[in-house]
Amino acid sequence: MCANTGDLRPAAVQPLEQGVDHVRGSEAGRLILEYGDYECPYSRAAFRAIEEVERELGGNLLFAFRHFPLTEIHPHALAAAAAAEAAALQDRFWLMHGVLFHRQKALAEDDLRRYAGELELEVERFDRDRAGAGVLARVDRDVQSGLASGEVLGTPTLFIDGVVYRGSHDAASLLAALGG
């Protein structure tokens with residue numbers, strides 16, 4: 001994302017919703033909430049940095065991911081988000097999340113189906129789910145919450161403990177912002 005001022009500013013971000021938001025890590029840790037796009041190279045860089053922060057903090061971090069596909073500039077972003085949500089319905093969200101970022105240059109229809117097979121998903125169910133209204137509504141829920149915050153203007157947009165973070169998305173900067 002182009003606008004990085006390095007500051008933390010309060011924002012009205014929708015709180016995490018148990019059983020709806022995709023969350024991993026320790027609830028006792030600081031929270032990083034990311035609004036991201038699987039086709040965005042900056043979201044991919046943040047993905048890698050957050051993984052490093054998770055390793056560095058050894059479980060003292062809570063990480064949540066919300067979809068914000070920038071469909072005007074990333075033609076596969078919505079399909080990738082739907083693939084992640086369809087995988088979530090088979091308890092494989094985080095595995096698909098990682099695959100989509102690691103293979104960001106290959107997000108066409110055949111690629112998404114291949115990833116589903118590699119993750120041992122029921123591929124026919126995966127196809128039905130990702131085209132279904134429930135999955136699309138789930139992605140839209142994330143997009144609407146980002147828009148409602150008034151702070152999510154691109155990807156990635158990070159919030160630390162509910163406060164928008166506009167600093168660099170490298171691991172060292174994130175660790176410094178977390179006080180770690």
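In the predicted model, helix H7 spans residues 171-178 and buries Ala 171, Leu 174, Leu 175 and Leu 178. These four residues lie on the same side of H7, because they cover an arc of only 100 degrees around the axis. The face turned away from the buried side carries Ala 172 and Ala 176, and both are exposed. The buried residues of H7 have several packing partners. Three of these are strand E3 (30-36), helix H1 (41-57) and strand E4 (61-67). Strands E5 (157-160) and E6 (163-165) are also packed against by the buried residues of H7.

Both ends of H7 show local features. Just after H7 comes Gly 179, with a positive phi of about 80 degrees.

The largest nonpolar core has 34 residues. Within this core, Ile 32, Tyr 38, Met 96 and Leu 100 have the most contacts. At least two core residues come from each of H1, E4, H2, H3, helix H4 (109-118), E5 and H7. H2 gives the most, with 6 residues. The contacts of Leu 100 can be listed, leaving out residues up to four places away in sequence: Tyr 38, Ala 80, Ala 84, Leu 107, Leu 112 and Tyr 115. Another core lies apart from the largest one and has 12 residues. Val 13, Tyr 35, Phe 68 and Val 152 are among them.

Backbone geometry is considered next. Most residues other than glycine have a negative phi, and most peptide bonds are trans. Asp 91 is not a glycine, yet its phi is positive, at about 60 degrees. Asp 91 sits in the loop between helix H2 (77-88) and helix H3 (93-102). Its relative accessibility is 72%, so Asp 91 counts as exposed. Asp 161 likewise has a positive phi, near 50 degrees, and is a residue other than glycine. The loop between E5 and E6 holds Asp 161. Asp 161 counts as partly exposed because its relative accessibility is 37%.

The bond from Thr 155 to Pro 156 is cis, with omega near -10 degrees. Pro 156 belongs to the loop between helix H6 (133-149) and E5.

Key. Residues numbered from 1 in each chain as written. Predicted model: local features only at pLDDT ≥ 70, side-chain atom pairs only at ≥ 80, totals over all residues. Heavy atoms only, no water. Buried < 20%, exposed > 50% of the residue type's maximum accessible area, 1.4 Å probe, protein only. Arc of directions from axis to C-beta. Contact = heavy atoms within 4.5 Å. Core = buried A, V, L, I, M, F, W, Y, C linked by side-chain atoms within 4.5 Å.
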